[in-house]
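I set out to record what I looked up in this structure, entry by entry. The sequence and model are shown first.

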Amino acid sequence: MATQEKVGVGDLVLLDEITLEKIVDNLRARFNAGKIYTYIGEVCVSLNPYRSINLYDNEHVNKYRDRELFENSPHIFAIADAVHREMKQQRRDTCIVISGESGSGKTEASKIIMKYIAAVTNLTGQQEIERVKNILLQSNSILEAFGNAKTNRNDNSSRFGKYMDIDFNFKGDPIGGHVTNYLLEKSRVVYQQNGERNFHCFYQLLNGCSEQELNKLRLVRDPAAYFYVGAGNCNKASPSDKSDYKAVMSAMSTLGFSQNEVQTIWNIVAGTLHLGNITFKLEEDKLFIENRAALNDTANLFSISPHELSTALTQRVIAAGGEVMQKTHTSTEAEYGRDALAKAMYERLFTSIVSRVNASITVNDNEACKRYRTIIGVLDIYGFEIFDTNSFEQFCINYCNEKLQQLFIELVLKQEQEEYRKEGIAWQNIDYFNNQIICELVEQPHKGIIAIMDEACLNVGKVTDEMLLEAMDKKLVDHQHYSSRQLKPMDKELQHKIQFKIRHYAGDVIYNVNGFLDKNKDTLFQDFKRLLYNSSNSVISKMWPEGAQNILKTTKRPLTAGTLFRNSMIALVKNLTSKEPFYVRCIKPNEVKSPVVFDEERVTHQVRYLGLLENVLVRRAGFAYRQRYDTFLKRYKMISQYTWPNFRGGNDKDGVRTLMDEKGFGHDVKYGHTKIFIRSPQTLFALEKARSELIPDIVILLQKQWRGYLCRQKYKKMKAALVVMKHYRRYKMRTYINELDKLFRNAKTMRDYGKRLTWPRENFATRHVTPALRTMYRRWWAWMILRVIPREDWPQLRLKMAAGVVLRSKRQNWGQDRRWEGNYLSKPDENPHSDVFNSSINNLRNTDHFKTVLFSAFVRKTNRFNKPKDRVLVVTEHAIYKLENSKFKTMKKGMPITEITGLSVSPGMDQLITIHSNRGNDFVLSIIANDDRVGELVGILTNRYSQLRSADLQVTVDVKFKCMLGNKSRVLRVEVHPDVHEPTFKKDGDNVVYVIPPSENIIDGGANTRFHPRTTN
């Protein structure tokens, strides 16, 4: 990280002053602000927050994916990404070494790293890779259940060392892995210090399984009922035991454990609980087992004979000189054998579980696979431990941490020296504590503590732990990191002939020598091995292959536990040395597991023994920051006019030199072959400040460019879409037109010219033109019909069509069979005074400015006084006129056609017509003519009204209808009078009767059928 954070500094290398106090102060400030991660170059320092924090969701995964360390605030995700990227890009095996004392968060750190790697791999969703990822993640649940326990310093302390190799293919996706376990603390099975618990699996079984399964295993819920889980006086169930049990069962299913394997695992756990309850009693020099129920339950769960188990617990078979003898145990020996069996049984169980996990994720080891395979190793091993009583296990654990600390210092120095040599930068020696002398104190051949223990184990006769301490005092008397009360009588902390002290890099540790020899020998009588080999359960039998050996066969003395552990540590260090290492250094902020307490003394002690100060000094070595030229130029090029937006004056190194010289920082840097080295943090902070000031403007510029690009792309897509839509629309239109062409190709020869044909279904492209096409067809169809009719007759035909629309099927005769002349009174054969009429019409034309007379006829009308009068009706293109019938003088101003509200006619052959208006005085009249002219008048008025008002005129056909005369509503009806020879109007009270002679027929307009006329006497 290259930025100066608001809370402290994110990289301890960037501190102004490198001292132990400044480092601790910076860690405190960041811890109080909730920032638990800090860098030392590429080393991540992690403080246990003792609370859940929202730093590991998908948003954070995406934030750190494929990003350099300095691009974001410190995070363990950045280390995991750097490891994966280094492995993927450089095709180099890498490893992550997670170290720190117990309770500092190592196990959680390893799980977080695993989750990150799982999240950034298998982006294509391959099923096999997904299976491997699930196994790698869920195997943690199983290993933690059987290998972790609650201690006084940690609720989930790893009581074994775990190193996991994750194999990746050439794409960087996980394809398998392998787990190696180191020194399971099996003594915890039979003994726990006060306030501590046994391994989690015991409590998960008691609190998590069903009542039916519990009864099957002959168990009860109360942990206090079993000696092996009650030794630490911490029998309370954890709230998570039940859910953890379900998680373990689910993980076993995912890993492919068979039902028999799962049942055998829990049988062994339950059998171990029952085994701890077996007690012994000595009567008359004979040893008896008191609790036979516990014996029987143990034997049944181990699938062995209760009698044979009883014999193995109380007696021992000894082979000497080709003879076999039985030796009865004392109570102490029997209890030792019982506990040894419990520890060995649990250790074999744990080893078999690890082997089963490895079998689920093993990788093909052929040459082709090895060639393209890379590995990331994750080391999660027990941290440095100082308990009230420190025994053989703490001795081995602290020796392991000494080896890892030595590896850390050597590799850091080696990396720094290699980088300076490769870059051509002078190296500045840094003084640091080399703990090689402590490692040699433990592992040196013939002189080390392990060698002294092995020598004591080989001695014939009774060798005690006190004698071992005397031997160590004798050989290590001059060693400055070893002491005992015998060598330093004034050291009152040590007890005589019981304790010794080693000055570890992490602090002084006092060890109790009692039990060292027994634990180093790791003795288990052959009787137990043969007994369990003969178990009827094949899973248990396979755990004890050495039980198949003949009792008389001489075997080589096995290596001691100390030697095996030393050899495994040497192999582990060799393995880690062969890989590119990355480090996570975990720190415990307090001993009370509080998220708000920062114990300065405790943290200072950890910072000191973890070598963080030396790490900062080595990393800095006179230079606070170093970076590749291309990456550096990409980050800071915007602050120089010569490098922004791109440097064209040479290579990246020249660009960086130009930038630094322009800003006046040339005196504070060194230029390597591929990297720039900056001496003081102030220079880096100045660069960051200049960059931060320009970032907002650059962001706006980038946003503008990006938005412009997005708009251009959107415009191109829209334009392309329009072109596609245009061509597609044309295609659909062509298709529709082709269908029409095919459908109407022969319409011209059809009788109805294709009128009965069903048109194709319109689509979106033709919906707006279909009405026009239909109009074109109708016009063509009309043309085909009208082409036989002379054009001069078309206006008359149009009038007849208008009349036919409203009168057809309602009035049988309406003059449709004759030629309509319109202006009848202008003709001499119709009107003897036609010249007078024409003269009068001309005068009227000059006055009202109309062009032509559409209709004229003699009529008989009635008024509001029911007096019939003969008059002349004239219709022009704009109005209706009523004239005097002799001199043809205009009697009133014409009524505009637009004021007509409707027409009413009778269904018979009479000439009655009523012109309704909005003036309150309708024009009720009967045309005087020898032929039917009502239809002609209706056609003219409806056609002209439609032209003027763009609406249809209502026409009523009935023998009785209402009309307005003198602003009064009256009923007009048609009746036949025998004594009437010509139609006329008569008064009938307030109504009007239009009487006609019997010779006239009345047609019912509704039914279009004849009915008998009503006769008036």
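How far apart do the end C-alpha atoms of residues 809-998 lie, and what percentage of the span is helix and what percentage strand? I worked on a predicted model. I found the end C-alpha atoms of this span 23 Å apart, with 16% of the span in helix and 38% in strand. I noted that an unreviewed UniProt entry annotates residues 809-998 as "domain: TH1".

Entry on the sheet. I traced an open sheet of 8 strands with mixed pairing. I wrote down its order as β23-β22-β21-β20-β26-β25-β24-β27. I then saw that β23 (895-896) and β27 (955-957) stand at the edges; each has a single partner strand, so one side of each lacks a neighbour in the sheet.

Entry on one strand pair. I followed β20 (residues 853-862) and β21 (residues 868-876), which pair in the antiparallel sense over 9 bridges. For S856, I identified V874 in β21 as the bridge partner.

Entry on a helix over the strands. I looked up helix α30 (residues 934-949) and found that it lies across β20, β21, β22, β24, β25, β26 and β27. I recorded that α30 runs at about 160° to β24 (900-905).

Entry on helix α3. I counted 15 residues in α3 (residues 76-90). Its first and last C-alpha atoms span 21 Å, close to the 21 Å expected at 1.5 Å a residue. Is α3 mostly covered or mostly uncovered? I found α3 mostly covered, with 12 of its 15 residues buried; among them are I76, F77, D81 and M87. Just after α3, I noted a positive phi of about 55° at R91.

Terms used: Residues are numbered from 1 along each chain as its sequence is written. This is a predicted model: local features need pLDDT of at least 70, side-chain atom pairs count only at pLDDT 80 or more; totals for chains, interfaces and linings use all residues. Side-chain values use heavy atoms; hydrogens and water are left out. Helices (H or I, at least four residues) and strands (E, at least two) are DSSP runs, numbered from the N terminus. The expected span of a helix is 1.5 Å times one less than its number of residues. Buried means under 20% relative accessible area, exposed over 50%, partly exposed in between (1.4 Å probe, protein chains only). Two strands pair if DSSP finds at least two bridges between them. Contact means heavy atoms within 4.5 Å. Axes are lines fitted to C-alpha atoms, for helices over the stretch in contact, and angles run from 0 to 180 degrees between N-to-C directions. UniProt positions are given in the numbering used here, feature names are shortened, and annotations may be inferred rather than shown by experiment.
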